[in-house]
Amino acid sequence: MPLIQVALDTPLYRLFDYRLPEELGTARPGSLVEVPFGRTRQVGIALGPAADSAIAADKLRDVIRVLDDRPALSPDILRLAQFCADYYHYPLGAILLATLPPRLRNAAPFVADTPWLVVTDGGRSAEPAARAHAQRALLDALREAPQPRDTIRAQKQSRHAAALVTAGWAAWVRLPPVSGDSPRTATPPPATAEQQTALESLLPALGKFGVHLIHGVTGSGKTELYLRLIDAVLADGRQTLVLIPEIALTPQLEQHFRRRFPRRRIVTLHSGLAEKDRAENWLAAPDCDVLLGTRLSVFAPLPRLGLIVVDEEHDASFKQQDSLRYSARDVAIARAKQRNVPVVLGSATPSLESYAHALAGRYQLIELQQRAISQARLPTIELVDLKHIPVDNGLTRPVLQALGETLARGEQSLVFLNRRGYAPALYCPSCAWVSPCPRCSARLVLHRSARRLKCHHCGLETRIPAECPDCGNPDLKPLGQGTQRLEETLAALLPAARIRRIDRDTMRPRAWAELGEAVHGGAVDILVGTQMLAKGHDFPNMTLALILDTDGALYSPDFRATERLFAQLMQVAGRAGRADKPGRVLIQTAFPDHPLFRYLQRHDYAGYARALLAERKQLDLPPFSRQVLLRAEAPTMDAALAFLQRAAALAPELADVSVFAATPAPMARVANLERAQLLIQSAQRQALQAFVRDWRPQLDTIRPRVARWSLDVDPLVF
Ligand code: ADP
Ligand code: ZN
Ligand code: ZN
């Protein structure tokens, strides 16, 4: 009986050998198989034949079945997963299974929905019996265009459809094929001069690997550039993968793409989809023209891949922060290289990693410095100095005055505060109790409308105490400002204004379309929200942006905090004055002399990026060095640190690699576990990779173990 190697979703860095009973036929590499594992059954991925199993023949177990209701993972996905296993030092089986949507990781048979009826080749020339009028009519309709099931049902043609399918003249499919002669592309606006120049260097680059970084101010027409590139890729019969950061933005962008490519097959993939839809869309991906999705879609099956676009490439949500801690942007580049296709990274504020590559000439840099709509000017940015101007409920007079004026002109404003909830904590004025989370080193956030205290780190929720748990004082006060409280304050101060709040508590993915319409239709005067509102939305009548509290990031110990803050402020500022009306941005800060603001006021990303890069170079920080973080979690900090100290002692001696001291994590306790970390750094990626290859297997041998440890290659958040 043949032996095959199977990859399973286990923490073990190895494959497993199984016998493949003759009656199951063959299992080509990538096939999904169900196998016995311990006392359970698991779905795994068949890889190659196992030549000589180290396991005694009588101990080997049999594959239970090959899951042939779903396609095998393609060779290029196997190769990409292997790259991730090597680069992120993570078990191959766990990666392979994670590339599948959850519903397809489970052995229960999956029947994909097939909502379109199409004519088959046989059906094109078929002659239904003369008396079968209804069948003939339906067949004629199908020859014109595929028909959706809902229409067929509504027109009571289901019976005739079934007859056509039985005759082999029609078939139900997931995605309707595109008919050859239909207009595929809506007419694009004429390219701006800058877009034209960009296209002249980008179009000839299609068809081979290369990384192209489009640095374009908000509104400069990056999306329009993607669409034109995609059009060229489509004309060549190939597919484009478009990676986007937020679920929230998917519907908006999807709509934009559908309008441009009305007859094309556009498929979305993100975790906001129901499990069934995610499985359906993943199964449809090989036949689609454009796949639009969040980070997980970097692993989707795309046999005709011709281009990868990573929009908002700097966005931290491309990096997964648990299990396989991959960067979808970096994996996208690896995939593009393996498939020899170009990858286009786009952002108004590229990550310093990408920007440094571009400055060094490793990536092609394309700059769009003008807004695409000629009248649209960049906003003026003013600082409100909190050292000299008093704050009341988080707001200063200049800010309120600007809001009032904008309202009076019938224009819209947005108010940015990156803290959801009513107040960041509840406070006892008599004993200074400040609502600690019992499980984390964090405060419980007051959510007044839900009447809860919530921990934003571990999810703990409790009722709002009637009195101080420490001293019994019944007069507890909200401490600081959250978006809910800000909304309440603004409503009281500006009773005529129609205010909407946007944050994780108010927004469901589908709510964006409705919100977009409300803002466009003029039904909203003031948008209050967290960073969720910083992204992507283009509201022509929004002329004022207020940024209330940024100072935490200015002096954060995280060396990327200012880079992130700058990007965020540029994005928010980019929301103001996009059409023919000039925009204005006011930022409240106690540190108006911080250099970040100088660059921001001049809209000078390049200048700030160069300044930050010079600093990073001096301090040997990324992108001038590479980092790996070993994270450990244990019930006590001593145990977590002891584990890391053992790990440091086991570190291979390598001249080019520095092992730093184990330290408590900045957020030291989450969900009753203490967290510590050990930083490894090197100027050379190769050296660091070789180091971790040697080191990683030894970490398994450390005793006592900790509750959890993980390696984070290219960590983004410390
Ligand atoms: P970005 O993605 O850089 O923020 P978009 O592609 O969304 O910019 O373009 C911003 C606005 O400019 C959109 O309303 C878009 O329709 C418009 N636009 C982009 N390119 C052109 C063009 N060549 N001619 C006219 N309008 C354009
Ligand atoms: Zn008290
Ligand atoms: Zn907590």
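Start in the loop between α21 (685-699) and β31 (708-713), and select Pro 704 there. This is a predicted model. Show the backbone from Arg 703 to Pro 704. The peptide bond between them is cis, with omega near -5°.

Now select Pro 622 and Pro 623. The peptide bond from Pro 622 to Pro 623 is also cis, with omega near 5°. Pro 623 sits in the loop that lies between α19 (605-618) and β27 (626-634).

Show what touches Pro 623. Beyond its neighbours within four places in sequence, the contacts are Leu 352, Glu 353, Ala 356, Leu 613 and Arg 616. The C-alpha atoms of Pro 623 and Arg 304 are 33 Å apart, and 319 residues separate the two along the chain.

**The five-stranded sheet**

Move to the open sheet of five strands. Their order is β2-β1-β4-β3-β5, and they pair antiparallel. Which strands stand at the edges? Select 16-19 for β2 and 65-66 for β5. Each has a single partner strand, so one side of each is left without a neighbour in the sheet.

Zoom in on β5 and its partner β3, residues 32-37. Two bridges join these antiparallel strands. One pair to pick out is Glu 34 and its bridge partner in β5, Arg 65. What holds such strands together? Strands of a sheet pair through backbone hydrogen bonds, either parallel or antiparallel.

**An enclosed strand**

For the parallel case, select β10, residues 239-243. Five of its five residues are buried, so the strand is largely enclosed by the rest of the structure.

Five bridges join β10 to β13, and the two run parallel. Leu 241 stands opposite Ile 308 of β13. Look for Thr 240, whose bridge partner in β12 is Val 290.

**Two residues with positive phi**

Follow the chain out of β13. Glu 312 lies in the loop between β13 and α11 (328-339). Its phi is positive, about 55°, although Glu 312 is not a glycine. Glu 312 has 13% relative accessibility, so it counts as buried.

Jump to His 89, in the loop between α1 (75-88) and α2 (92-98). His 89 is not a glycine, yet it has a positive phi of about 55°. At 7% relative accessibility, His 89 counts as buried.

**Ligand 1**

Select ligand 1 and show its surroundings. How many residues surround it? There are 17, and the closest are Pro 190, Gln 195, Gly 219, Lys 222 and Thr 223. Helix α8, residues 222-235, gives the most to this shell, with three residues.

A nitrogen atom of the ligand is 2.8 Å from a polar backbone atom of Pro 190. An oxygen atom of ligand 1 is 3.0 Å from a backbone N or O atom of Gly 221. A polar backbone atom of Lys 222 lies 2.9 Å from an oxygen atom of ligand 1. On its own, ligand 1 has 560 Å² of accessible area, and the protein covers 76% of that.

**A helix with a buried face**

Go on to helix α15, residues 511-520. Colour its buried residues: Ala 511, Trp 512, Leu 515, Gly 516, Ala 518 and Val 519. Look down the axis of α15. These residues fall within an arc of 165°, so they line one face of the helix. On the other side, Glu 517 and His 520 are exposed.

What covers the buried residues of α15? The cover includes β17 (412-416), β23 (499-502), β24 (526-529) and β25 (542-547). After the helix comes Gly 522, with a positive phi near 80°.

**Last stop**

Finish in the loop between β24 and β25, at Thr 530. Thr 530 has 8% relative accessibility, so it counts as buried. Show its contacts, leaving out residues up to four places away in sequence. They are Phe 416, Leu 417, Asn 418, Arg 419, Arg 420, Thr 483, Ile 502 and Asp 503.

Notes. Residues are numbered from 1 along each chain as its sequence is written. Chains are lettered from A and ligands numbered from 1 in the order in which they are written. This is a predicted model: local features need pLDDT of at least 70, side-chain atom pairs count only at pLDDT 80 or more; totals for chains, interfaces and linings use all residues. Side-chain values use heavy atoms; hydrogens and water are left out. Two strands pair if DSSP finds at least two bridges between them. Helices (H or I, at least four residues) and strands (E, at least two) are DSSP runs, numbered from the N terminus. Buried means under 20% relative accessible area, exposed over 50%, partly exposed in between (1.4 Å probe, protein chains only). The arc is that of the directions from the helix axis to the C-beta atoms. Contact means heavy atoms within 4.5 Å. A residue is near a molecule or strand if one of its heavy atoms lies within 4 Å of it. A polar contact is a pair of N or O atoms within 3.5 Å; within protein, one must be able to donate a hydrogen and the other to accept it, and residues adjacent in sequence count only if both atoms are side-chain atoms. Accessible areas come from the Shrake-Rupley method with a 1.4 Å probe; for residues, only the protein chains shown count as cover.
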